[in-house]
Amino acid sequence: MNDKWLGGPPSVIIPRLQSLLADIQSLASPGGFNGPVDPVIIRNCMLVQRSVPCLIGEMSGHPHIAEGSPGVTSELFYLDQKRKIGRTFSRWYYFDHGLIG
């Protein structure tokens, strides 16, 4: 994996995440959301799941997973194997022994 920014370069990912944040903030503010502008129409629509990069392992210091218990992170957006850090949608992770495999 050569690219630390999973899914594309930071120049592409950062504006997309900022746009997502702005949309979610407008949904949360009273009267702040008037509906999507020029939405894509989707027919015969179903909710499905897809694979995204994530980390699995024994957690330590996680706010919702018991100490030493196995867990799966949310979607991984940044991974730096030299610094042994990863940033998911939710938080930073430090893999002190490096990645397995």
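**Surface patch, sheet and overall form of a predicted model**

Q: Which residues make the nonpolar surface patch of about 540 Å²?
A: This is a predicted model, in which local features need pLDDT of at least 70, side-chain atom pairs count only at pLDDT 80 or more, and totals for chains, interfaces and linings use all residues. Residues are numbered from 1 along each chain as its sequence is written, and side-chain values use heavy atoms, with hydrogens and water left out. Patches take residues with over 30% relative accessible area and no salt bridge, joining like charges within 9 Å and nonpolar side chains (Val, Leu, Ile, Met, Phe, Trp, Tyr) within 5 Å; areas come from the Shrake-Rupley method with a 1.4 Å probe, only the protein chains shown counting as cover for residues, and a salt bridge is a side-chain nitrogen of Lys or Arg within 4 Å of a carboxyl oxygen of Asp or Glu. The patch of about 540 Å² is made by Leu17, Leu20, Ile24, Leu27, Phe33 and Phe89.

Q: Is Ile24 buried, partly exposed or exposed?
A: Ile24 lies in helix H1, residues 10–28; helices (H or I, at least four residues) and strands (E, at least two) are DSSP runs numbered from the N terminus. Buried means under 20% relative accessible area and exposed over 50%, with partly exposed in between (1.4 Å probe, protein chains only). Because its relative accessibility is 42%, Ile24 counts as partly exposed.

Q: What is the relative accessibility of Leu17?
A: Leu17 also belongs to helix H1. Leu17 counts as partly exposed because its relative accessibility is 34%.

Q: In what order do the three strands of the open sheet stand?
A: Two strands pair if DSSP finds at least two bridges between them. Strands E3 (76–80) and E5 (92–94) are the edges, each pairing on one side only. The pairing is antiparallel, and the order is E3-E4-E5.

Q: Which residue in E4 is the bridge partner of Tyr78?
A: E3 and strand E4 (residues 85–88) run antiparallel and are joined by four bridges. The partner of Tyr78 in E4 is Arg87.
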